[in-house]
Amino acid sequence: MLNELARNADLFFLIFARVFALVETAPLLSGDSVPQSAKAGLAALAAAVVFPWIRESGYAIPPDALAYVGLAVGEALIGLALGFFLSAVYAAFTTAGQFF
């Protein structure tokens, strides 16, 4: 498994960028009570678990560096959007719970 991650490090980094952005903005994990090393470890573990399925699906990696950086930024933005959506849902449930 580690050899596969090393051979496809560019794909693993894209997965890690999305998952790390999600972990950084997700409720319960984005606070200061969770250390940064634990967040990075959780993101790396989640990326490693999902990696084989994404590799098998044939995710296309761009050949030039500028397109790759743009793809990495896009993956991070998707992770941020998912995290903010989860935060909004969490806030809605918290607010609804205060009424009852």
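1. Let me start with the pairing of α2 and α4. These two helices pack at an angle of about 30°, and their axes are 7 Å apart. That angle makes α2 roughly parallel to α4, and the two cross in a right-handed sense. Sorted by class, the residues in the contact of α2 with α4 are 14 nonpolar, four polar and three charged. Please keep in mind throughout that this is a predicted model.

2. Next comes the pairing of α2 with α3. Helix α2 covers residues 9–25 and helix α3 covers residues 36–56; their axes come within 8 Å and cross at roughly 135°. This makes α2 oblique to α3, because an angle has to be over 145 degrees to count as roughly antiparallel. The crossing of α2 past α3 is right-handed. By class, 16 nonpolar residues, one polar residue and three charged residues form this contact.

3. Which residues of α2 meet α3? On the α2 side they are Leu11, Phe12, Ile15, Phe16, Val19, Phe20, Val23 and Glu24. Their partners in α3 include Gln36, Lys39, Leu42, Phe51, Ile54 and Arg55, along with several alanines, among them Ala43, Ala47 and Ala48.

4. The largest nonpolar core is worth a look with that list in mind. Ten residues make it up: Leu5, Leu11, Phe12, Ile15, Val19, Val23, Ala43, Ala47, Ala48 and Phe51. Both α2 and α3 supply at least two residues each, and α2 gives the most, with five.

5. Besides belonging to the largest nonpolar core, phenylalanine 12 is in contact with Leu5, Ala44, Ala47, Ala48 and Phe51, leaving aside neighbours within four places in sequence.

6. Alanine 9 is also found in helix α2. Is this residue buried or partly exposed? Its relative accessibility is 41%, so alanine 9 counts as partly exposed. Between alanine 9 and isoleucine 78 there are 69 residues of sequence separation and 20 Å in space, C-alpha to C-alpha.

7. Now to the loop between α2 and α3, where proline 27 lies. With a relative accessibility of 19%, proline 27 counts as buried, since the cut-off for that class is under 20%. Not counting residues up to four places away in sequence, proline 27 touches Gly83, Leu86, Ser87 and Tyr90. From glutamate 4, proline 27 is 23 residues away in sequence and 32 Å away in space, C-alpha to C-alpha.

8. Valine 89 counts as partly exposed, at 29% relative accessibility.

9. Finally, I would flag leucine 28 for a look at the backbone. Leucine 28 is found in the loop between α2 and α3 and has a positive phi of about 70°, although it is not a glycine. Most residues other than glycine have a negative phi. Leucine 28 is exposed, with a relative accessible area of 65%, whereas proline 27 is buried.

Definitions and conventions: Residues numbered from 1 in each chain as written. Predicted model: local features only at pLDDT ≥ 70, side-chain atom pairs only at ≥ 80, totals over all residues. Heavy atoms only, no water. Axes fitted to C-alpha atoms, helices over the stretch in contact; angles between N-to-C directions. Helix = DSSP H or I, 4+ residues; strand = E, 2+ residues; numbered from the N terminus. Parallel < 35°, antiparallel > 145°, perpendicular 65-115°, else oblique. Left-handed = near helix turned anticlockwise from the far one by under 90°. Contact = heavy atoms within 4.5 Å. Nonpolar A, V, L, I, M, F, W, Y, C, P; charged D, E, K, R; others polar. Core = buried A, V, L, I, M, F, W, Y, C linked by side-chain atoms within 4.5 Å. Buried < 20%, exposed > 50% of the residue type's maximum accessible area, 1.4 Å probe, protein only.
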